[in-house]
Amino acid sequence: MTQEIVEKIVDETIDTLVDKLHDLTTDYMFEYGKYEETDDKFHQDHTMYRELVIKEMYKRLVETGIYTVHIR
């Protein structure tokens with residue numbers, strides 16, 4: 001497989017995950033939170049939730065062995 005194909009697969013996968021993270025965070029905030037509009041408070045909280053999700057995802061990837069930390 002060429003480097004170009006590898007990069008395309010990685011880029012497309014990351015783009016999809018980022019889009020899904022944004023969409024799902026928004027959906028769950030409206031479903032479970034007390035949000036009725038996307039005001040400044042919503043955007044601040046949305047940023048906080050995305051950061052928490054990314055940290056938790058990293059933690060779970062490491063814990064399950066899907067991702068291993070390589071120290072140089």
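**Exercise 1.** Determine how the residues of the lining of the largest pocket divide by class.

*Solution.* The lining comprises nine nonpolar residues, one polar and one charged. Here Ala, Val, Leu, Ile, Met, Phe, Trp, Tyr, Cys and Pro count as nonpolar, Asp, Glu, Lys and Arg as charged, and the others, Gly among them, as polar. The model is predicted, and totals for linings use all residues, whereas local features need pLDDT of at least 70 and side-chain atom pairs count only at pLDDT 80 or more. Residues are numbered from 1 along each chain as its sequence is written, and side-chain values use heavy atoms, with hydrogens and water left out.

**Exercise 2.** State which helix supplies the largest share of this lining.

*Solution.* Helices are DSSP runs (H or I, at least four residues), numbered from the N terminus. H1 and H2 each supply at least two lining residues; the largest share, seven residues, comes from H1.

**Exercise 3.** Describe the packing of H1 and H2.

*Solution.* First, H1 spans residues 3–32 and H2 residues 40–64; their axes (lines fitted to C-alpha atoms over the stretch in contact) lie 10 Å apart, at an angle of about 120°, on a scale from 0 to 180 degrees between N-to-C directions. Next, H1 and H2 are therefore oblique to each other, since angles under 35 degrees count as roughly parallel, over 145 as roughly antiparallel, 65 to 115 as roughly perpendicular and the rest as oblique.
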